[in-house]
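Subject: Structure handover

Hello,

Please find the structure below. Notes on what was found in it follow.

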Amino acid sequence: MNTQRSAELFARAQQLIPGGVNSPVRAFRAVGGTPRFMARAQGAYLWDADGNQLLDYVGSWGPMILGHNPPQVLSAIQEALQEGLSYGAPTEREVRLAERILAAYPGCQRVRLVSSGTEATMSALRLARGYTGRELIVKFRGNYHGHADSLLVQAGSGLLTAGGGTAQSAPSSAGVPQAFAERTLVADYNDPEGLEALFAARGEEIAAVIFEPVVGNAGVLVPTPAFLEALHRLTQQYGALLIADEVMTGFRLAPGGAVELLGLKPDLVCWGKVIGGGLPVGAYGGRAEIMEMVAPSGPVYQAGTLSGNPVAMAAGLATLEALAQDPPYARLEAYGAALEQGLREIFTQAGVPVAINRVGSMITVFFRPGPVRTYAEAVASDTEAFKRFFHGLLERGVYWPPSQFEAAFISAAHGPKELERTLEAVRDVYLG
Ligand code: PMP
């Protein structure tokens, strides 16, 4: 496979952009080698700058649930383009997108639209602090909620491979003041007893607990019923807000996201990715009584020049409309189940110990014996073995996320042909 053009672009990029990329995990640091620069995409496929066709399991890290370039989304964007790019004034599409989001999440009565997942979680935390008058937040080791200061404490995603702090409440990025990190308490995912102990010690000071309802950013981790029960019970008992970060899972795992799938009752929900259909949109929402604390209704300030951008709204709205008209969730589950089963058979035959975690269209192959339920179990994976898997697939035209600690995403454009091509590539790597 010729990758000369990607190599040239990467060399140029490294002289211009830190690490040659505008978001760390794209740099392939966790797997080595040269990242592919992409030139175009269609359906389940990407084409890199050298013209190589790649079967895509990254899906822009989640937004592209319909596959690339769905016609109804493209035409909605084209229509919006004719009407202007940005007004800095309210528009009908914002109302319609807000209606769609709230209809899918009956526990939420108000939603504020922003431009990224980071903005959504950061604003939800400010709101939780403003609403409760408390300062502490709780997050889980290896969960990632974007790059706001308070949340870069024991964070997942690219930070799992980039190194960073390890002590309790140590920042996982340089430049995060210790004073901020100290206001973030870190607990273990799927450890209800640990959470109980944390609340027993500091419960009265805790404004909110933020969590990934299905983790994607340590690789896929599935919450246990006991953990979910403890989250709800303790936040309620101590008057802290429960914030479900559905940036990755919202409108992906079910029409009402993980909240619907798992029967959760969070106080606030954060969205991103799918609700923008590939353009920059995030959102946070909840009960009116809490959300009306946000400016201009209330004293918690939050704003954005490009919030509710009409072109981005058109993309998000068309995506959510397509998902509602022809729900792909059963097909995504069927594809995911078949992929999981096929991978299990190949790895068993090859004698390679793996733990495969999957919820619907999110899947991770951990290179270690299972089960993998916690962050500690995830990070004990054999990352060298993962590199072999990743590069083996890439050489065979399958673009898997370039880190052990990420979810792979299936789209509605993935069908039997793509499934067979994927399994054939894996067979070729391990069984020759
Ligand atoms: N929360 C979760 C669960 C995420 O997966 C991400 C991004 N991967 C974010 C928040 C941050 O979103 P963004 O990258 O759009 O700022």
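Three strands make up an open antiparallel sheet, ordered 11-12-14. Helices (H or I, at least four residues) and strands (E, at least two) are DSSP runs, numbered from the N terminus, and two strands pair if DSSP finds at least two bridges between them. Strand 11 (355-359) and strand 14 (408-409) are at the edges with a single partner strand each, so one side of each has no neighbour in the sheet. Strand 12 (residues 362-366) pairs with strand 14 over two bridges, in the antiparallel sense; Met 362 has Phe 409 of strand 14 as its bridge partner.

**Source and numbering**

This is a predicted model, in which local features need pLDDT of at least 70 and side-chain atom pairs count only at pLDDT 80 or more, while totals for chains, interfaces and linings use all residues. Residues are numbered from 1 along each chain as its sequence is written.

**Overall**

The chain has 15 helices and 14 strands. Its radius of gyration (taken over C-alpha atoms) is 21 Å, close to the 22 Å from the globule rule (2.2 Å times the number of residues to the power 0.38) for 432 residues, so the chain is as compact as a globular protein of that length. Along the principal axes, the C-alpha atoms fill a box of roughly 60 × 55 × 45 Å.

**Helix packing**

Helix 3 (residues 92-104) and helix 11 (residues 310-325) have axes that come within 9 Å and cross at roughly 35°. Axes are lines fitted to C-alpha atoms, for helices over the stretch in contact, with angles from 0 to 180 degrees between N-to-C directions. The contact (C-beta atoms, placed from the backbone, within 7 Å) involves Arg 93, Glu 94, Arg 96, Leu 97 and Arg 100 of helix 3, and Pro 310, Met 313, Ala 314, Gly 316, Leu 317 and Leu 320 of helix 11.

**Ligand shell**

The ligand is surrounded by 17 residues (C-beta atom, placed from the backbone, within 6 Å). The closest are Ser 116, Gly 117, Thr 118, Gly 146 and Val 247. Helix 4 (residues 117-132) gives the largest share of the shell, three residues.

**Backbone points to check**

Most residues other than glycine have a negative phi, and most peptide bonds are trans. Cis peptide bonds join Ala 295 to Pro 296, with omega about 5°, and Gly 370 to Pro 371, with omega about -5°. Pro 296 is in the loop between helix 10 (288-291) and helix 11. Phe 28 is not a glycine but has a positive phi, near 65°.

Regards

Methods: Two residues are in contact if their C-beta atoms, placed from the backbone, lie within 7 Å.
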